[in-house]
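This report goes through a two-chain model, one part at a time. Keep the sequence and the structure in view while reading.

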Amino acid sequence: MREGKDHFTTSGASSFLQRPTIWDTCLLIFLLLLTFTAPRILIGASGDSLKAGSYIEVRTVDGSSVISLKKDATHIVKGPLGAAKIIIEDGQARMESAPCPLKICEAMGPIKNAGETILCLPNRISVKVTGGEGELDAVSR
Amino acid sequence: MRSPGRVAYLALLIAAAFVLSSLERALPSPVPMIRLGLGNVMTLTAFAVLGLRDGAWVTFGRVALVSFIWGGVFSPTAVMSLTGGAASLMVMIPLALCGRRFSLYGISIGGAFAHISAQLAVASALYVQSADLFRLLPFLGSIALVTGIINGGIATLLASRLSVFYHRDLGQA
């Protein structure tokens with residue numbers, strides 16, 4: 001068995017490992033853990049994430065506006081690609097229709113808890129729930 | 001100095017990576033923002049057959065070709081794919097240099113994870129100006145690990161066959 005850092009360049013069909021090693025498994029487990037812990041570390045302990053919010057903050061290239069979640073309504077928001085329709089219903093907000101090509105924002109589904117966000121990168125729109133039930137805990141991050 | 005045969009193999013892998021990346025761009029993805037990253041299979045294959053330096057060339061060649069041909073060189077997608085490619089190399093090359101510890105499977109998942117993390121980081125920093133995008137990481141990261149395993153498997157199969165041809169063509173045992 002060849003050793004050394006040049007094993008990837010040495011000749012012969014079997015000069016690289018053909019099967020996953022224990023190291024691969026360790027790496028996979030480590031990355032899996034990182035996948036689920038990194039967002040919490042980066043975004044901060046989201047203790048507010050399960051509290052229903054009372055407002056949404058809609059940010060576009062033109063600026064931001066705050067809309068109540070308490071009242072059912074339909075809002076048309078303009079982005080560089082065109083108009084997106086945001087629907088507020090039963091204290092939840094969702095992107096009903098958007099002009100972006102991939103429709104990730106529509107697929108993100110409805111949001112209602114403080115801190116939850118819908119993002120539409122192509123159309124440069126973000127919708128973020130702020131404000132817990134009756135308190136001013138909207139922390140800007 | 002690379003021999004002409006080696007250059008031909010390198011060109012072959014870059015061309016294949018370019019075609020696979022282009023196909024992935026052209027095909028509508030069933031779930032948005034999720035791609036198999038088949039271009040990286042060619043980088044992994046180059047790692048195994050030609051060596052680490054040529055593998056890096058496959059990634060940069062693919063990114064450059066895709067950016068030149070399918071979009072602006074400084075467009076957001078080009079910036080994202082360049083940072084993704086560079087980040088995956090920065091993880092894959094050290095993993096490959098770790099003696100004989102990691103197979104192409106491990107190198108592939110490391111690269112896939114670095115790719116999605118770097119893209120989320122660039123998108124967060126340049127276009128969103130908040131870390132909110134990282135809320136997608138559990139979802140996108142898990143998918144990246146699965147596609148990484150698949151790509152590692154494809155690269156292992158491809159490399160074991162291609163290296164036979166390569167060593168025959170170049171007259172080595």
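The model is predicted.

**Chain A**

Chain A has 2 helices and 7 strands. Read from the N terminus, the order of its elements is α-β-β-β-β-β-α-β-β. Chain A is 141 residues long, and 28% of these residues count as buried. Of the contacts within chain A that link residues at least 6 apart in sequence, 37% are between residues at least 24 apart.

**The sheet of four strands**

One open sheet of chain A is built from 4 strands in the order S2-S1-S7-S6, with antiparallel pairing. Strand S2 (63-68) and strand S6 (117-120) of chain A each have a single partner strand, so one side of each has no neighbour in the sheet. On average, and with direction ignored, neighbouring strands of this sheet are turned by 15 degrees against each other.

S1(A) and S2(A) run antiparallel and are joined by 6 bridges. These two strands, S1(A) and S2(A), form a hairpin, and 2 residues lie between them. Within this pair, A:Tyr55 has A:Ser68 of S2(A) as its bridge partner. How many of the 6 residues of S2(A) are buried? The number is 0, so S2(A) lies largely in the open.

Strand S1 (residues 55-60) of chain A is also joined to strand S7 (residues 125-130) of chain A, by 5 bridges and in the antiparallel sense. Here A:Glu57 is placed opposite A:Lys128 in S7(A).

**The sheet of three strands**

A further open sheet of chain A has 3 strands in the order S3-S4-S5, and its pairing is antiparallel. Its edge strands are strand S3 (73-79) and strand S5 (92-97) of chain A, each of which pairs on one side only. Strand S4 (residues 82-89) of chain A pairs with S5(A) over 5 bridges, in the antiparallel sense. A:Lys85 faces A:Ser97, a residue of S5(A), as its opposite.

**The contact between the chains**

Chain B puts 41 residues into the contact, and chain A puts in 35 residues. On the side of chain B that touches chain A, the elements giving two or more residues are H2, helix H4 (76-97), helix H5 (104-128) and H6 of chain B. Which of the elements of chain B gives the most to this side? H6(B) does, with 11 residues. By class, the side of chain B that touches chain A holds 24 nonpolar, 13 polar and 4 charged residues.

**Two helix pairs**

Two packed helices are described by the angle between their axes and by the distance between the axes.

| Helix pair | Angle between axes | Distance between axes |
|---|---|---|
| H1 (residues 22-43) of chain A and H6 (residues 137-169) of chain B | about 165 degrees | 8 Å |
| H1 (residues 4-26) of chain B and H2 (residues 39-49) of chain B | about 160 degrees | 7 Å |

The angle of about 165 degrees makes H1(A) roughly antiparallel to H6(B). The crossing of these helices, H1(A) and H6(B), is right-handed. From H1(A), the contact draws on A:Leu28, A:Leu31, A:Leu32, A:Thr35, A:Phe36, A:Ala38 and A:Pro39, and from H6(B) on B:Leu137, B:Pro138, B:Gly141, B:Ser142 and B:Leu145. Sorted by class, the contact of H1(A) with H6(B) has 9 nonpolar and 3 polar residues, and no charged residues.

In the pair inside chain B, the angle of about 160 degrees makes H1(B) roughly antiparallel to H2(B). H1(B) and H2(B) have a right-handed crossing. On the H1(B) side, B:Tyr9, B:Leu10, B:Leu13, B:Ala16, B:Ala17, B:Leu20 and B:Ser21 take part, and they meet B:Gly39, B:Met42, B:Thr43, B:Thr45, B:Ala46 and B:Val49 of H2(B). The contact of H1(B) with H2(B) is made up of 9 nonpolar and 4 polar residues, with no charged ones.

Key
Residues are numbered from 1 along each chain as its sequence is written. Chains are lettered from A and ligands numbered from 1 in the order in which they are written. This is a predicted model: local features need pLDDT of at least 70, side-chain atom pairs count only at pLDDT 80 or more; totals for chains, interfaces and linings use all residues. Axes are lines fitted to C-alpha atoms, for helices over the stretch in contact, and angles run from 0 to 180 degrees between N-to-C directions. Angles under 35 degrees count as roughly parallel, over 145 as roughly antiparallel, 65 to 115 as roughly perpendicular and the rest as oblique. A crossing is left-handed if the near helix is turned anticlockwise from the far one by less than a right angle, and right-handed if clockwise. Two residues are in contact if their C-beta atoms, placed from the backbone, lie within 7 Å. Ala, Val, Leu, Ile, Met, Phe, Trp, Tyr, Cys and Pro count as nonpolar, Asp, Glu, Lys and Arg as charged, and the others, Gly among them, as polar. Two strands pair if DSSP finds at least two bridges between them. A residue is buried if 20 or more other C-beta atoms lie within 10 Å of its own, exposed if 12 or fewer, and partly exposed in between; C-beta atoms are placed from the backbone.
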